[in-house]
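This report goes from the overall fold of one protein chain to two of its residues. The structure is shown first, and the description follows.

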Amino acid sequence: MVIELIQTNPKISILVISFIATFFVTIIRYFMTDREKMKEIRERQKKLREDMKKFKNNPEKVMEINKKMLEDMPEQMKQSFKPMIITLIPLLILFKWLWDVFSATSLGKLWIWWYIISSIIFGIFLSKVFGLQ
């Protein structure tokens, strides 16, 4: 029944599936990310970028500021990897299923582009709604 619905209207189906998958990823990101810590890091990075602009003629000072910026990278990576690990397997399974189902529709191989574009748009929208800037 689901496959028949998809095959009769593949464009709307991929939009709905894209929204559901993006919503799932956003919810996981919302609960798995320490938003306060990420906000602190972003504010610190913003201040360091401003300092870099002030001292752009002083290479030694720029290198020192750059080192400080790089110190935050491991924490940022840790915060982004936690939700990614949880969502990776379900999304891989979803993509395999989507490949099998949508390759037989009128979209053919274009379904992936429909998915990517719509998930980017939905991702931006849902990130704003959940405050995950």
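The protein chain has six helices and zero strands, so that is to say its order along the sequence reads α-α-α-α-α-α. The model is a predicted one, and every value below is computed from it.

**Overall dimensions and surface**

The radius of gyration of the protein chain is 20 Å, whereas a compact globule of 133 residues would have one near 14 Å. Taken along the principal axes, the box filled by the C-alpha atoms of the protein chain is roughly 65 × 30 × 25 Å. Of the 133 residues of the protein chain, 28% count as buried, and the chain exposes about 9,500 Å², of which carbon and sulfur atoms supply 68%. When contacts of the protein chain between residues at least 6 apart in sequence are considered, 73% of them join residues at least 24 apart. The charged side chains comprise 21 positive and 13 negative ones, and the centres of these two sets lie 4 Å apart.

Ile6 belongs to helix α1, which covers residues 2-8, while Ser18 is found in helix α2, which covers residues 10-32. The table gives the relative accessibility of each.

| Residue | Relative accessibility | Class |
|---|---|---|
| Ile6 | 4% | buried |
| Ser18 | 0% | buried |

Ile6 counts as buried because its relative accessibility of 4% falls under the 20% cut-off. Once its neighbours within four places in sequence are left aside, Ile6 is in contact with Ser13, Ile17, Trp97, Val101, Phe102 and Thr105. The C-alpha atom of Ile6 is also separated by 47 Å from that of Arg44, a residue 38 places away along the chain.

Ser18 likewise counts as buried, because its relative accessibility of 0% is under the 20% cut-off. Which residues does Ser18 touch, not counting those up to four places away in sequence? They are Tyr115, Ser118, Ser119 and Phe122. For Ser119, a polar atom of the side chain of Ser18 lies 3.1 Å from the backbone nitrogen.

Methods: Residues numbered from 1 in each chain as written. Predicted model: local features only at pLDDT ≥ 70, side-chain atom pairs only at ≥ 80, totals over all residues. Heavy atoms only, no water. Helix = DSSP H or I, 4+ residues; strand = E, 2+ residues; numbered from the N terminus. Rg over C-alpha atoms; globule rule 2.2 N^0.38 Å. Buried < 20%, exposed > 50% of the residue type's maximum accessible area, 1.4 Å probe, protein only. Contact = heavy atoms within 4.5 Å. Areas by Shrake-Rupley, 256 points an atom, 1.4 Å probe, with all protein chains shown as cover. Lys, Arg positive; Asp, Glu negative; His and termini not counted. Charge placed at Lys NZ, Arg CZ, Asp CG, Glu CD. Polar contact = N/O pair within 3.5 Å; in protein donor to acceptor, adjacent residues only side chain to side chain.
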